[in-house]
Amino acid sequence: MSAYSTIALGICLIFSCAHSWTVRELGSVAIANPAFTSVQVNPSTGKYDVTCTTFSSSLVEPDQVMVIRDVGGQIETNGASNMKVEVLSSGHKWPNDLDKVPDDVFGRNDLWWLASGFLVPFKSDGYIALIDADADTQTQPAPTYDITSTGEVTDEWFYHHVKFVDADGDGKKDALSARAYVPLDGGNISAQMVWHKHPEVGDPLNIPWEGFPLFDGPDAGFCYHEIPLSNGLTRHVIFSTQYFAEKLVMSWNDGNAPDFYNLQHKVLDATPEERYFDCELADMNADGDYELLITANSDKNGKLLIYEPKRNRDWPDADWTKHLIAEGFVPNVPEITEGNGSPGRARSIYPRIPADRKKPMILMTGDDDNCGYLFEANKDNDPEDWTYTKHVIFEANEGTVGAISYKDVNWDGLAEIFIPAYSDGRLHVMTFEP
């Protein structure tokens, strides 16, 4: 087996669900420091592109966003180990998550957003940028627009996630985000939910979007959701995983439009030493209601958690039951150069589209424990059962595994999984097979 054949012993797993499933690797390509992956529809071709952010604490190595165009077609034609990788966007400071800008923000379908910055010397001053995804990147990177930097001397905020919502009722969608400032000299940490106003006049791609802080605590991960109420109003809800404050918080208001300055807040959990890291709203037990899928990152005992609203469907008045899905995740990094915590991102996933099982599986990166995991509900037909079987589906040679993403990129009804082995410098492609 070659040095790059980083296949876990559990790679050919047989899952005891309605079908028997095998997860296998299709191949991998070299990408220096692959970190956050994302699968997006190319606005020109309608086919799937895979993006991968790259970053390093080195001032010599450039921080970039890489892209693999028509990933399904490339796998079909040349195989996953021969995919062509291009530079989508370059010159960033620690680029993190990337996703599509909704079409109704600018009336166009060809922009992707990027959040950047982290608590690293010379790269802590992050921003929110927009990338022209429709540009030809075969010879040069795509045009990229920094919409939050003002040039003023301010705290050096870093960003991880963005949600577009009309925050002030002017008919233009604004950028909602969480951000943090961590002084390298050990001073007080600042963290806050903030919205950046979509400019009312001028070119919004070339004008800074003014930032308005809303409340303290959120630093990176959050989920935003709107719920139609029986009285004709809408409940606007923000769930924030407050890593530094060690709190999981729900913030909301009811109205015809968001009123982020008059939010109510409810702490769902504040267990000491649980650093809430990532979140997803999904129906995890197939009961027709949303639950919160949460990871708690730790250097001693990282956890995978699900929070279930009980008693009624009114989230603010519900009793949120905490279900421990798995724990005991610890870093496996010899030296603290990339990070020192586990696990990372978790997402619900169905192997087959359309789904032939009720409960989704859970796909999770171990972050600094060099593994990728898949969790399967033990009782697919029982919404009251919260036991899962853990499978290690990937194990890198060393160090960190970045944010995993998935999509059925070749339209065969089975999901492909994209796993960035950060320390190995490889992007791996895996797939489900019945």
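This is a predicted model: local features need pLDDT of at least 70, side-chain atom pairs count only at pLDDT 80 or more; totals for chains, interfaces and linings use all residues.
Modeller: Residues are numbered from 1 along each chain as its sequence is written, and side-chain values use heavy atoms, with hydrogens and water left out.

Colleague: Why is leucine 184 called exposed?

Modeller: Its relative accessible area is 54%, and exposed means over 50% (buried is under 20%, partly exposed in between; 1.4 Å probe, protein chains only). So leucine 184 counts as exposed. Leucine 184 sits in the loop between strand S11 (174-181) and strand S12 (190-196); strands are DSSP runs of E, at least two residues, numbered from the N terminus.

Colleague: What makes the nonpolar surface patch?

Modeller: Leu119, Leu184, Ile189 and Phe244 make that patch, about 330 Å². Patch residues have over 30% relative accessible area and no salt bridge, with nonpolar side chains (Val, Leu, Ile, Met, Phe, Trp, Tyr) joined within 5 Å. A salt bridge would be a side-chain nitrogen of Lys or Arg within 4 Å of a carboxyl oxygen of Asp or Glu.

Colleague: How do you know that S16 and S17 pair?

Modeller: Pairing takes at least two DSSP bridges between two strands, and 5 bridges join S16 (residues 247-255) to S17. So they count as paired, running antiparallel. Serine 251 stands opposite histidine 265 in S17.

Colleague: And what joins S7 to S8?

Modeller: Again 5 bridges, between S7 (residues 111-116) and S8 (residues 128-132), antiparallel. Tryptophan 113 has leucine 130 in S8 as its bridge partner.

Terms used: Patches are made of residues with over 30% relative accessible area and no salt bridge: like charges are joined within 9 Å, nonpolar side chains (Val, Leu, Ile, Met, Phe, Trp, Tyr) within 5 Å. Accessible areas come from the Shrake-Rupley method with a 1.4 Å probe; for residues, only the protein chains shown count as cover. Helices (H or I, at least four residues) and strands (E, at least two) are DSSP runs, numbered from the N terminus.
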